[in-house]
Amino acid sequence: MSDTSLKKLFNRNFLEYASYVIKERAIPDDADGLKPVQRRILWSLFEMDDGRFSKVANVIGHCMKYHPHGDQSIGDALVSLANRGFFIERQGNFGNIFTGDRASAPRYIECRLTDLARETLFNKRITDFSPSYDGRNSEPLLLPVKLPVVLLLGAEGIAVGLSTRILPHNFQEVLKAQIACLRDQEFELFPDFPQGGRIDVTDYDDGRGRLRNRARIEKQGQKNLVIRELPWGTTTESLISSIELAANKGKIKVASIDDYTTDSVEINVRLSRGVDSEEGLKLLFAHTDCEKPHTSNIIVIQDGYPVETNVTELVHYSTGRLIEILKLELKLELDDFRNRLHWLDLEQIFIENRLYKSIEECTSWENVRDAVRGSLQPFIEKQMIEVTEEDIDKLLSLKIRRISRFDIESHRAEMSDIKKKMKKTRFHLRNIVEFAVDYLEQLLQKYGKGYPRRTSIEDFSNIDVKKVAIRHLKAGFNSETGLLGTSIKGEKVFNVSEYDRFVFFLKNGTYKVVPVQDKYFIDGEILHCGVLDKSLIFTSVYQQKNSGIAYIKRFCVESFILDKEYRFVPEGGTAVFFTHEKEMKLDFWFERTKRMRKRKDDCLISEYRVTSEGAIGVQLCGKKIISSIKGSSIDDDAIAEEGEFAAESPEEETEISEISEEATEISEEDIVPEDRGISKPVSPEKIDQKTEEYHRRVSEVLKQAEEIVTQDDDDDSGDLFGAIPIDPEDDL
């Protein structure tokens, strides 16, 4: 066999397998809302139905005529279908949906169809059949279902290349939605789970989104929480396991857990000392299965093909199918009335006119049939009645007792009653929508009380898992080895949870955000290392490589990718100061230049606005070159903080930029007092004495001013007299 032939064979067989899994196993059909195994189980129960309970083992054996996948799959599907409570009535131990206990063996439990199933699922006369898998029997292709069964039961299935997840809904609400659909009104449907609980449907999006499902928990005092209802898809055992797991990891402090569940859920959770019921409730929802998200992805088989749809479209499709089924049933009913009326007419003619006497002299069966047909001819021509061979055989099969006791009055009354029913049926056909509404309202009145809503719809408050998480882990940082993590012991210790993140800034102008882990090596000179707080404002001063101009910027670390390197200093820049303090005073000295008037300046970091970490920043002192900078706390200016670690721990002061000895030796001549207030009153006589001296120095002042204007420091050129020593006593 060539490779091409083998490839074609493989593709064809795989396609057949995929189609079979999608249509015949995993995905329900929208027409009746059932998977094949469910359809075969219900049909088997219908065939076996005599009003009494049947052994589940017998039902499984009967169903195996139609289902090729063995008794185990049939038994599991039957128990699951029976526990939904709509179409199968149970007797015996069918398991416990709260505790997860399995059902008893099939030979010990019994079941039968419910009245709702008999009324809404079956009509053999309008059901199409196909041969079973072995060709020995015929099974229904689809059941003539009058309800959106797929919404009532829900469904989960994984096929080749696709999967479906449909959440169960409430019986009353589904039927009311169908009524609204028939009346062209808007409606909205939300899931209803057999286990109860509470749901937030903000993001349900008509079955194409997700919802949050919470357990119903009661507070009893300050230390006890009692779980009364479970989220869908959990059991008491799985829920308790999730609480114990969270307690072992330190996410919640629990003293004891007691399970008193029988026919209803009762799990008593006693909290440890230091945790009140309100805090414990938030921790249960945040870290255990007391809150479960459910995603709805509705895929069904529709007209032979898998389609993705939503709840509203499912209701419309099912309602349209309900109209078609009701029309077929009404037409069949009308045909039955016509056939009955036709027979009553023939029977009346045959008996009232004693046409049976015409066969007394006949010697053969053919002569008898001809005699009856001939005697009926005058009457059927007058009343325009068609007579078939079957009608003649039926007339000839009348018994003497029936002929002798024939009551013409009751006969005519029955014919009159049939004509009234036919008229009513025709009226229903002409007004099929109202007839469908009446049908659904009757179902609601008859069965609705047995299916109240179990799951309440609420608006949950969002619980930030990171905020309510207990910081039960201790992490350390060792500056000598550069190691950070929960297994490291160092001079810095952090209380963290698994939801926290570490952030560290390096002297080369980069920073990283990393998750909490056992051990992490930081390669580089560290400016700051700690637990990330998105509201924390960092302040950095850096110098450009070429110009040496200093920039200051303030920023927060809000968005990031874990383990990715980011820059808070532009390429080529050098960080000279870094802190995370909210407020500090920065003192900085400039490089000495010719005729420099001012060597030192200061500022508050709060004077600069917060920008992004990628921003360039603001020039700190114009075009002046900073030679040294240090920060001091506003609360105590005497404490100098040089770098981030100096701000955090005085014992670990680290100098960012060292001040040279030459720069620190500033003489009194280099600094001109900025505040030149009058030290003492000046008399008029002394003013006169100084007048001549001022005139003498004018020429000297002009020469000096010309030199000052031409110097490089443009920022100080505005004060022409700043460099001229003046005796304070000479001021006016």
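Which element gives the largest share of the lining of the largest pocket? That element is α4, with eleven residues. The model is predicted, and this briefing covers its largest pocket, its aromatic pairs and two charges that sit over rings.

**Largest pocket**
- The space in the largest pocket comes to about 1200 Å³.
- Its lining is made up of 49 residues, and those closest to the pocket centre are Asp76, Ala77, Val79, Ser80 and Leu81.
- Two or more lining residues come from each of the helices α1 (3–26), α2 (36–48), α3 (56–63) and α4 (71–84), and likewise from the strands β6 (155–158) and β7 (163–166).
- By residue class, the lining of the largest pocket holds 22 nonpolar, 17 polar and ten charged residues.

**Aromatic pairs**
- Across the whole structure, 25 aromatic pairs are found.
- Phe86 and Phe87 form a tilted pair, because their ring centres are 6.1 Å apart and their planes meet at 45°, an angle that falls between the 30 degree limit for stacked and the 60 degree limit for edge-to-face.
- Both Phe86 and Phe87 are buried.
- A cluster joined by ring pairs contains Phe505, Tyr511, Phe538, Phe555, Tyr566, Phe568 and Phe578.

**Charges over rings**
- Arg214 is placed over the face of Phe460, 4.2 Å from the ring centre.
- Lys394 has its charged end over the ring of Trp343, at 4.4 Å from the centre of that ring.

Definitions and conventions
Residues numbered from 1 in each chain as written. Predicted model: local features only at pLDDT ≥ 70, side-chain atom pairs only at ≥ 80, totals over all residues. Heavy atoms only, no water. 1 Å grid on protein atoms, 1.4 Å probe; cavity = no way out; pocket = protein on both sides within 12 Å on 5 of 7 lines; lining within 4 Å. Points joined across faces, edges and corners; volume = space filled by probe spheres on them. Helix = DSSP H or I, 4+ residues; strand = E, 2+ residues; numbered from the N terminus. Nonpolar A, V, L, I, M, F, W, Y, C, P; charged D, E, K, R; others polar. Phe/Tyr/Trp six-rings, centres within 6.5 Å; stacked < 30°, edge-to-face > 60°. Buried < 20%, exposed > 50% of the residue type's maximum accessible area, 1.4 Å probe, protein only. Lys NZ or Arg CZ within 6 Å of the ring centre and 35° of its normal.
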